[in-house]
Amino acid sequence: MQVLPAGLPETPEDIYRRVWREFRPRSHPPTVEVKFCRFANADSYIRMRDGHVQVRITDVLEGAPRPVMEALANILVAKLLRRPVPAAHNDRYRRYLNRRDMRRSLHLVRQIRGRKFISGPQGEHYNLEEVFEGLNARHFHGLMARPALGWSQRRSKTTLGHYDPSHNAIIISKLLDRSEVPRLVLEYVVFHEMLHLRFPAEHEGARRRVHTRQLRQAEKEFASLKEAKEFLKKL
Ligand SMILES: [Zn+2]
C-alpha cells in the first residue's frame, strides 16, 4: 500500500477524481486530464471519451484559490453526470468571476484574444452613424463618445442589437437594415444599446444586472417606445 506524504497538495486531476467519487461513490473514478487554455472568455469544458475525462479551463483561472477550483470541479462534474449543480458551488464560482479584478482580466482577455468582425456603419438602407448622432443630439446632448458601429453578419431575429464593452462596439442586426423597417424602430434598438453604454451592468455578489432601474427609466424618454415595440413583436 502506498501512503502519500502528508500535506502534499492535490493536483487539479486529483480534485476532479475526488469530486467524481463524491458524486458516484460506488463507481471507479475515470482517468482525468486537466489543461489550462488560452480561451477568449471564461468558459470551461468537460467531456468524457472511453472512460477518460478531459477538462479545459481558461488560463485566467490558473491562479484561482482552491475553493474556487473545487467549486468549478463540482459544476463541471455535475454537468457531465447530468446532476443538479450544487447551489453553494455555483454561487462561489460566480462570485469569484464577478470580482472586480477578475472582470478586468476577462475584459482584457476578450479584447485581446477575441476576434471581432465589425462592418462599417453604412448599411444597404440605413447609416448607423447618422442614426447614432441623431439620437446622441436628442437624448445625450451630443456628449456620448461614438463607439464602433456595425451591422451583424446574420439577420438575427433573436439579437436585434448588442453592445460589446470589450470592443466598445454596438452591433445591430442586419434584419433591421431594410426599407420595410421604419426608421423609428431602428432608432429604438440603437437607443437601447446606447443606454447600455450610459448605464453599465451592476455587479453584486454572484448577480449581474444588465437592465438596471435607471436604464429602464431612461428608456421611457424614447417618444415612440410603444410603436417601436409593437413593430418588433411582429418582426
Ligand atoms: Zn438590453
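Modeller: Buried here means under 20% relative accessible area and exposed means over 50%, with partly exposed in between (1.4 Å probe, protein chains only). The model is predicted, so local features need pLDDT of at least 70 and side-chain atom pairs count only at pLDDT 80 or more, while totals for chains, interfaces and linings use all residues. Residues are numbered from 1 along each chain as its sequence is written, and side-chain values use heavy atoms, with hydrogens and water left out.

His211 takes part in a metal site: the NE2 atoms of His192, His196 and His211 coordinate the zinc ion at 2.1 Å. Donors are N, O and S atoms within 2.8 Å of the metal (3.2 Å for Na, K and Ca); water is not among the atoms, so sites may look incomplete. Along the sequence, the donor residues follow the spacing H-x3-H-x14-H. His196 belongs to helix H6 (residues 183–198), whereas His211 sits in the loop between strand E8 (207–209) and helix H7 (213–219), so this pair ties together parts that are 15 residues apart in sequence. Helices (H or I, at least four residues) and strands (E, at least two) are DSSP runs, numbered from the N terminus. His196 is buried, with a relative accessible area of 13%.

Helix H6 also carries a charged pair. Arg183 and Glu187 both lie in H6, 4 residues apart, about one turn of the helix. Their side chains meet in a salt bridge at 3.3 Å, N to O; the term denotes a side-chain nitrogen of Lys or Arg within 4 Å of a carboxyl oxygen of Asp or Glu. Arg183 is partly exposed at 34%, but Glu187 is buried at 10%.

The sheet comes next. Three strands form an open, mixed sheet in the order E4-E6-E5. Strands E4 (148–151) and E5 (161–164) are at the edges with a single partner strand each, so one side of each has no neighbour in the sheet. Two strands pair if DSSP finds at least two bridges between them; E5 and E6 (residues 169–172) pair in the antiparallel sense over 4 bridges. H6 packs on this sheet, touching E4, E5 and E6, and its direction makes about 155 degrees with that of E6. Contact means heavy atoms within 4.5 Å. Axes are lines fitted to C-alpha atoms, for helices over the stretch in contact, and angles run from 0 to 180 degrees between N-to-C directions.
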